[in-house]
Amino acid sequence: MGLARRLYRGEIDVDFVGKWRLWYSLSGFLLLVSLAGLLINGLNLGVEFKGGTVFSFKAASQVTVEQIRESVREEGVHQVIVQSAGTGWRVTTESLSESQLTQVQSEIAKDFDTPVGQVSVQSIGPSWGGEVSTQAWIGLGVFMLAIILYLSMAFEPKMALAAIVALVHDLVITAGIYAWSGFEVTPATLLGFLTILGYSLYDAVVVFDMIKEVTAKLGHTSKMTYSMAANNALNHTLIRSLNTSLVAILPVAAILFIGTTLLGAGTLKDLSLALFVGMIVGTYSSLCVATPLLVTLKEREPKYQAIARRLASTGGGKKGSKSAAVAKG
Amino acid sequence: MARPTSRHSRPGRTLLVLLALILALGGTMFLQKAYTPKLGLDLAGGTTVTLSPVTQNGASPPEEILDRAVNIIRDRVNGTGISDAEVAKSGDNIIISIPGVGQNEAIQLVATTAELRFRQVLAMQATQIPQELATNAPTPTASPSASATGSAKPSQSAGTPAPSASPTGKALSSALTAPTPQPSATQSDQKQDKKGQNAKATPTASPTAQASTPPAQDPNAGINTEGIDPAVLKQFQALDCTDPKKRGQGVQDDPTKQFAACDADGSAKYVLDVAKVVGTDIDTASAGIRQGTTEWIVQLDFKSKGAGEWSKLTTQAYNSQEPRNKVAVVLDGVVITAPNIISPIPGGRAEITGGFTQASATTLADQLKYGALPLKFNRSSVDTVSSTLGQDQLRGGLIAGVIGLVLVVLYCLLYYRGLGIVAVLSLVVATILTYTSVVVLGHNANFRLSLPHIIGLVVSIGITADSFIVYFERIRDEMKEGRRSLRAAVEVAWVRARRTILIADAVMFIAAIVLYFLAVGGVAGFAFAMGLTTLIDVVVVFLFTKPFIALLAKVKFFAKGHPLSGLDAERMSEAGSTTGRTTTPQEA
């Protein structure tokens, strides 16, 4: 049977939990690389965080990036970044004074045959991004506390902990990818990061719900250890996880595609890029990090240790129990 | 085989509830003749105002004071009901972005400096014939009240009693901004004296610092100069309130010093005592009509500390001689109203009455409510954002949305076959609900759709799809076990799937709430969109997907597990299935 067909029927039995060493070292490696990237490269912060002035306009006639750059430079502006934004243009400069700003605006209007009113000007001081970031950190902290509380009540504290660790894992790796690739971090990117939080947890919650259901049956006479049961549950929801991720990623991929090819710089691209990267990392972590982590925590409990010992002594080792797990499912 | 267990399920009835909900939303749209969502700044264009602080010595204001100003302005913006407006610090400046065209009133409102102080009147002199002689009607209500000389009545009578924010904004701003000094006054203002006594009563004056050397002669006839700082008295005499430009609005009056000021309409000038109570002592303020009359009043509630101070201040004023029995409300260095105190006012509640129109009462109440801005600001730039680029992005977003939706639909149909139709219809219902909600919210709660919202909504296709994927997989699980009929499986699976969906949605909803309350600007809007779609997801799954599947389960095509239904036992069951069914392990 082909993989696709087995997937469709749900006849898969991947030993996600058993391979925890592999996942832990892979994730550990990725985390280290990400942190290194953040330390060495840092994030390529957008103008909103560094401060600066952004002019956006539509040129009436055909113009080149060079022409625009020259035109703005003539006004004594030093840093000029010209980006195409769909049918329009976006020019980012250092922070300009009020008079300089008006000059550039009218110069652009004159040179490129556009009404002055159609040249949007956005002037951003460096502290703006700071304020937003501070709020974002506070928001993140409160969010995590709220989620830990909620999941501790809905499930149990260890599940909450595992879910949060997976969440942090996703954020750090996504940030690391941004650091290494040099993608620009804008407020839209922040929105993307925040959305990843929701998705990452959503996925973990569905899996944990199943684990809770399956492991609730474990008792003194059970033929499964906690890790086997958890792995069983994970496989049970694997199709759902993959389907969900695929369905979620499809629209994001479409936005990313349109955003990068048709529109160039802008909110659309920034947001969808963060989402795209984050969702892929999130899918991986809910399968390979959250659950193995939960199992690592749970297997220390005396109750599950006892089951594991008993199964080991009766020869119900790893291999034998696997088929038992399938039969039970 | 198993009996159908649809005891509690009444799919038809549930679907009717959904239909009613959609009709209600659609009907609201129809009645309000609003068929399209309101768009945000990035999509509809809008205005950005930059406010630069004016400090007494021209130095940067302390960070925390600036933060306080940002919060107050944000409150004011929210008070006008404008959603999606952003208030952000940028260096020393504060930038306000307001979506939509024609928001000038709102801009004036938020950009107006409110330096609210309550000061006892020490001396008063009419500059012309005062048109507003005491309307000091003693108020018969039990609540202590201060009756006012209605000096705060502006000539404009704006304000239809609509709940919408704009009349409020208009009334307030026109009352306050009329005598605003021109921006040209900025420079001289800034350079003006450092420890700022009160020379600022004339903002256009030269930067000569008023020395505190007191040449205290030349007392005005008929004025009780007792307790008045001679320097202030001198300024009082020099004060010319007939010229609106010199009335001194917008000056930074030092609350710890005595102060000479004009009435907002120039009809009187005052010497005022140090500020005993300031705007931040106020808890809330509201405009209303006194019961049984048509008289507009402003009601005030003080915070506990403010209440004590207010009580002291009014007692002191009550025990004083005319004109010291008045307490002036000073805004931006101008007296907006100076009611007589007709009794001491303990308990932290007060009413101001006298000569208010609805507009002027609302104006005063809003100004009192939103407290005092701790800084004076100049509007350094007002930029109008064109919407063309945003429109491009919007089009891109919509194209992407359609592409994404088509991909999802194709995938669902391929994977879930017959059930895929349920998935597609669920998405359609979710889309209808989302669109109508956004339109209705736009016109009733001023919810403005900006680009991040649209992306949020497109992305939420994933959340919505996940809920029914969870449910479908549960049904398939039940079917795979082979013990149940489809009708039974639909019900049993629902009980389990429901819990999963609710817990997962709760997580999303917590995320949305936290982000909404703790984040700024665009993030809050995004969080709102996220919360909305999560709610809609719950509605769709409970009111549509579940009952619809329950109905389908009665249809032969699905119940018998037709190969195209997505529910045929053969395709789903495992090779060595424990059930008695025959399984043929082939097929592509």
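User: Which residues of α13(B) do B:Leu457, B:Val458 and B:Val459 in α12(B) meet?
Analyst: This is a predicted model. Contact here means heavy atoms within 4.5 Å. On the α12(B) side sit B:Leu457, B:Val458 and B:Val459. Their partners in α13(B) are B:Ile461, B:Gly462 and B:Ile463.

User: Are α12(B) and α13(B) roughly parallel or roughly antiparallel?
Analyst: Helix α12 covers residues 451-459 of chain B, and helix α13 covers residues 461-481. Their axes lie 4 Å apart, at an angle of about 20°. Angles under 35 degrees count as roughly parallel. Therefore α12(B) and α13(B) are roughly parallel.

User: What percentage of the residues of chain B count as buried?
Analyst: Buried means under 20% relative accessible area. Chain B has 588 residues. Its accessible surface comes to about 24,000 Å², with 59% belonging to carbon and sulfur atoms. The buried share of the residues is 56%.

User: How far apart are the end C-alpha atoms of residues 271-295 of chain A?
Analyst: An unreviewed UniProt entry lists residues 271-295 of chain A as a "transmembrane region", and residues 187-208 as another. Residues 187-208 are 100% helix, with end C-alpha atoms 32 Å apart. Residues 271-295 are also 100% helix, with 0% strand. Their end C-alpha atoms lie apart by 34 Å.

How values were computed. Residues numbered from 1 in each chain as written. Chains lettered and ligands numbered in written order. Predicted model: local features only at pLDDT ≥ 70, side-chain atom pairs only at ≥ 80, totals over all residues. Heavy atoms only, no water. Buried < 20%, exposed > 50% of the residue type's maximum accessible area, 1.4 Å probe, protein only. Areas by Shrake-Rupley, 256 points an atom, 1.4 Å probe, with all protein chains shown as cover. Axes fitted to C-alpha atoms, helices over the stretch in contact; angles between N-to-C directions. Helix = DSSP H or I, 4+ residues; strand = E, 2+ residues; numbered from the N terminus. Parallel < 35°, antiparallel > 145°, perpendicular 65-115°, else oblique. UniProt positions renumbered as here; feature names shortened; annotations may be inferred.
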